[in-house]
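Me: I'm new to reading protein structures. Could you walk me through a few features?

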Amino acid sequence: AMFPPSRAGTRSCRAPPARLRYTMAHVRVVIGLACLGSPSVGWLSSSPARGVPTRLRPLRVVSEPPLNTRSLEPTPDDSDNTVLEQPGVFRATDDDETRLVAAVERGNFWELDRSPNASVPVHYSFVDGTKLRRTSAPASAPVVFLHGFGAGEFHFEGNMAAVAAATGRRCYGMDLVAQGRSWPRAREELAGLRVGADTWLTQLEKFLEEVVGERAVLAGNSLGGFLATVVAARRPDLVAGLFLLNPTPFWGFVREESRLWDARLPAPAGPRTLGALWFDALRDEKTVQRLLRQVYASPERCDDRLVRQILDAARSSSFGPEAFTSILFSPAAPETFEDALQTAFFDHDVPVALVFGREDPWVSPPWGQRAHRRLDRRAPYFELSPTGHCPHHESPLATNYLLCDWLETMPTLASDDATAVLDVRPNSGSSSTSDLWRPATSPTDRRVVVIREDDGRDVTIARVDGAPRNLVERAALAVWG
């Protein structure tokens, strides 16, 4: 049966047959295992872009003191490619950079209430962009950054302060329970705790209610993107927009609670032994380096500092093996990523931007194209190259540029026209500053911006139609629809 129509139009996908659903479930498990330490699933990857187009619509850079905040506007003439070196929204003077680093408040803790069980401390960082941006700006929705599995809010240290300063918004970075610095402090706090999608979703909802206190834009990578999407579908009153960075299209190995153990701690001896062995293997330094090099297109970006941050988070609590065991056995969320994405976008009019690192071997472009098709190609779909699974960390200047520009335009669907997409500035009603936001009309219709990162790499941001471009992507379209 087709999905019911919504105010913005009808959903375009048909539920797959039962046999295909079982097959897709097996595929999910295989890729999930790969994401937790097995060899990369390279057959889903698409070949990287070779170079950039030779002719681009040039862009004019407009400076805004004191942080040289820049926006981009198309100019009427044609010329050669424009490479934006050190866009001011992400770069500043040494004094300003020092001020930005100092502005981030780390070490904040909030208690996740689990009555009647003991609460669990949740670590988060915060930066108030209204105090960094000296120019007056109307109040805007805050931004909450959500990390992927095994990382923490530290993964967004190149994004939070820069985005806050450029946009004048409050920005938060939160560690998921049993990740980063959000760990139970005593064994009694483990009682009844199930570390998995249900706990993380509840954590995110309560964090938005109790700490943020208003609708927020959720910028989530990998697992963080999945959680953000489900919360937007469940609680649109808490979510003002979704900026999804290579969101994982599924989470959890089982669809329902196991008859042997419901994944609530403490764990039985058998599962605990398995989880401890697997966890110890994953938090080995060489294993972390190998996994990072699999998913980063630029190996120099996964340096010793990042490895140290990940290992410190994994080793910061003696409860790590037990928490990881609970993760392995926790049931998946009842909503699928695609159902939640369609509900948030079509039924609740939540603005969505899909941003994918093109060289990601785990959540590769076919996944992004599939999500784009599920939204009838109405939400903007971008690919960053060369960039892998974590665009915000590997290519922070390009990601910050795209996020800041999207926050200013915040595309919304036109309620009276099933084919139109309106690009608006919520506070002024003026049109978008960047040609990136004009919808793509064909696979060859590519608007491109090139950002030069601090390490000298030129990262291409391309808004593409999302249609298949090679054999692998055509095969994915034929199987998935």
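This is a predicted model: local features need pLDDT of at least 70, side-chain atom pairs count only at pLDDT 80 or more; totals for chains, interfaces and linings use all residues.

Reply: Residues are numbered from 1 along each chain as its sequence is written, and side-chain values use heavy atoms, with hydrogens and water left out.

Me: How do β6 and β7 pair, in the parallel or the antiparallel sense?

Reply: Strands (E, at least two residues) and helices (H or I, at least four) are DSSP runs, numbered from the N terminus. Two strands pair if DSSP finds at least two bridges between them. Here β6 (residues 105-114) and β7 (residues 117-128) are antiparallel, with seven bridges. They form a hairpin with two residues between them, and N108 has Y124 in β7 as its bridge partner.

Me: Which residue meets R170 in a salt bridge?

Reply: A salt bridge puts a side-chain nitrogen of Lys or Arg within 4 Å of a carboxyl oxygen of Asp or Glu. For R170 the partner is E214, at 2.2 Å from N to O. R170 lies in strand β9 and E214 in the loop between α5 and β10, so the pair ties together parts 44 residues apart in sequence.

Me: Is R374 buried or exposed?

Reply: Buried means under 20% relative accessible area, exposed over 50%, and partly exposed in between (1.4 Å probe, protein chains only). With 7%, R374 is buried. R374 belongs to helix α12 (residues 365-374).
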